[in-house]
Amino acid sequence: MALGFGGLIRRLPVSAPDLSRALNQYVLWVSLPALTLHMGVTMPLSWQILLPASVAWFGFFGAWLWVRWVSRRLQWDRATTACLLLTCGLGNTSFVGFPLIRSLYGEEHLWIALLIDQPGSFLVLSTLGLMAATYYAEPTAAGFRLTDMLRRIGRFPPFLSFALALLLNALQFQWPALPGAVLQAFGATLTPAALIAVGLQLQWQATRQYRQAMAFGLSYRLGIAPFLVWITYGGMLGVHGPLLGVSVLEAGMAPMITASIVAAGLGLNPPLASAMVSVGIALSLVTVPLWFALLQLLS
């Protein structure tokens, strides 16, 4: 409903881009840090948290192999190759992922998605993603610099909140009633704000022109990536229950909006980047629940 409301606002006499940017900033600076601080102090600290944290890294490496293989056979240009690497290699594990995980697995398992998103998707984009993007964008883009990467990580509010929450967790800190309630209240606004922002950003203009590239990119993002996580983490590593389920579903989320923004900003086929996000989000609202139903059936 919130996603559709965002699409409806686009038809009203308001500045959809300005409203979308405002909602994005609210999510990044208020609701997501609040949710991170609220949940991070109570999540279990054990070796098992490394498993969901590695999901995004595993998925990006698989995307690199997949895009490289397809690109050579179809002779895609550098911009298309890089765009698909970013958009099918990184999932929307927070803006779309958190609301879906909350609705399918409940609030009590949202900490697993948090681990997949912060030390996972965000760090992959800030390191391997930016390195790949600048490499393919050369010589028009500035070269990759380690200081820029560290500065980007250090200025990202949700990640700073995640690091603080881990420290408080290690010190066995518990939020008093009032601060805890405030953080929970602001964290609860994440789902409607994020989905309205996503609805405001959906664009469909380039879907026909790039149907082939989108088919290969979205087949990995929505199908191959979650399947690889399922058989690797579940079949080979013995992960089970909600830890496996949330990991599989987050691995199959739509392309990350921030990754598409990075691709567009560096001139890496901006129309394809926008189309991957728009079509991917629409399809993921069907494919993610289907993965959930399949996991429940086979568990």
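**Close-up views of an all-residue predicted model**

**View 1. The chain as a whole.** Of the 299 residues of the protein chain, 54% count as buried, where buried means under 20% relative accessible area, exposed over 50% and partly exposed in between, with a 1.4 Å probe and protein chains only. This is a predicted model, in which local features need pLDDT of at least 70 and side-chain atom pairs count only at pLDDT 80 or more, while totals for chains, interfaces and linings use all residues. Residues are numbered from 1 along each chain as its sequence is written, and side-chain values use heavy atoms, with hydrogens and water left out. The protein chain holds 14 helices and 0 strands, these being DSSP runs numbered from the N terminus (helices H or I, at least four residues; strands E, at least two).

**View 2. The largest nonpolar core.** This core has 49 residues, and those with the most contacts inside it are Phe98, Ile101 and Leu249; a nonpolar core is a set of buried Ala, Val, Leu, Ile, Met, Phe, Trp, Tyr and Cys residues joined through side-chain atoms within 4.5 Å. Helix 6 (residues 110-137) gives the most to this core, with 9 residues. A second, separate core of 36 residues includes Trp76, Ala82, Val124 and Tyr210.

**View 3. The surroundings of Ile101.** Leaving aside residues up to four places away in sequence, Ile101 touches Gly106, His109, Leu110, Ala113, Val246, Leu249, Glu250 and Met253, a contact being heavy atoms within 4.5 Å.

**View 4. Helix 13 and the residue that follows.** Within helix 13 (residues 257-265), the buried residues include Ile257, Ala259, Ser260, Val262 and Ala263. Just after helix 13, Gly267 takes a positive phi of about 75 degrees.
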